Amino acid sequence: PRSIYLSRHGESMYNLEGKIGGDADLSERGWQYARKLPNMIKNVLRINGEEEEDDDDGDEDVQLTVWTSTLKRTQQTASFLRYPKLQWKALDELDAGACDGLTYEEIEKKFPQDFKERDENKYEYRYRGGESYRDVVIRLEPIIMELERQENILIITHQAVLRCIYAYFMNVPQEESPWMSIPLHTLIKLDPRAFKTMVERIKADI
Ligand code: F6P
């Protein structure tokens, strides 16, 4: 049976500075996570019983494809993984439009009304010139369709996007996706079964 693995990109320079959006590079800790990821993946694939016999060529015949967004921080996070990779624009982070590159404090100062509106309805609120969670759910439809047809996939993407994908597989109403907890430096393993999805969270030790 196949599994779906989810991870946020490693910590970025913007994460460190509390800024949203952008196309920043990984921080030093983010790179540490990227370097740990190959072993973390190797271990979960092994535990999953994908490697039936000791054919002493390691896990080379375990099928896994890595999907990233088109943003640098997801590709840097995937850079040490030796599996086929695919980039999807549809996996890019929720577009914060006019607020891209600002901290939440700066947004509150510059756009107090918007800040309040988002607080009141985080799922529906659409950034000026950007997107809402609802918009992200809609653009993720082709990704979800493709995921349903695929074997083992590791998706390295962004907080808001992962919340929507996670809510889908966990059968949580999409309106609740903005509050799902998807921490940094944690690999989430999903095993979708007929009536429920089994979840395992593996925290990187960094
Ligand atoms: O802070 C990281 C980030 O991925 C931002 O780029 C994005 O706007 C935000 O998280 C989404 O989280 P929230 O919807 O809680 O603001």
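These legends walk through several views of a predicted model.

View 1. Welcome to the overall fold of the protein chain, which runs through the pattern β-α-α-β-α-β-α-α-α-α-β-α-β-β when read along the sequence. Its radius of gyration is 17 Å, close to the 17 Å that the globule rule gives for 206 residues, so the chain is as compact as a globular protein of that length. Along the principal axes, the C-alpha atoms fill a box of roughly 60 × 40 × 25 Å. Of the 206 residues, 33% count as buried. If we take contacts between residues at least 6 apart in sequence, 59% of them join residues at least 24 apart.

**View 2. Strand E2 with its partners E4 and E3.** Start at strand E2, residues 65-68, which pairs in the parallel sense with strand E4, residues 153-157, over four bridges. E2 also pairs in the parallel sense with strand E3, residues 85-87, this time over three bridges. Val 66 is a handy landmark here: it stands opposite Leu 154 in E4 and opposite Lys 85 in E3. Now follow the chain from E2 through helix H3, residues 72-78, to E3, and you have traced a right-handed β-α-β unit.

**View 3. Helix H2 and its bend at Lys 36.** Helix H2 covers residues 28-47, 20 residues in all, and reaches 29 Å from its first C-alpha to its last, close to the 28 Å expected at 1.5 Å a residue. Look for Lys 36, where H2 bends by about 35°, and then for a proline, Pro 38, which follows within four residues. Several residues of this helix are buried, among them Tyr 33, Leu 37 and Ile 41.

**View 4. Asn 171 and His 185 in the loop between H8 and E5.** Most residues other than glycine have a negative phi. Asn 171 has a positive phi near 60°, and His 185 has a positive phi of about 55° although it is not a glycine. Asn 171 sits in the loop between helix H8, residues 159-169, and strand E5, residues 186-192, and His 185 lies in the loop between H8 and E5 too. Which of these residues is buried and which is exposed? Asn 171 counts as exposed because it has 10 C-beta neighbours inside 10 Å, and the cut-off for exposed is 12 or fewer. His 185 has 22 such neighbours inside 10 Å, so it counts as buried, the cut-off there being 20 or more.

Key:
Residues numbered from 1 in each chain as written. Predicted model: local features only at pLDDT ≥ 70, side-chain atom pairs only at ≥ 80, totals over all residues. Pairing = 2+ DSSP bridges. Helix = DSSP H or I, 4+ residues; strand = E, 2+ residues; numbered from the N terminus. Right-handed = clockwise from strand over helix to strand, strands pointing away. Expected span 1.5 Å × (residues − 1). Bend = angle between axes of the 7 residues up to and from the residue. Rg over C-alpha atoms; globule rule 2.2 N^0.38 Å. Contact = placed C-beta atoms within 7 Å.
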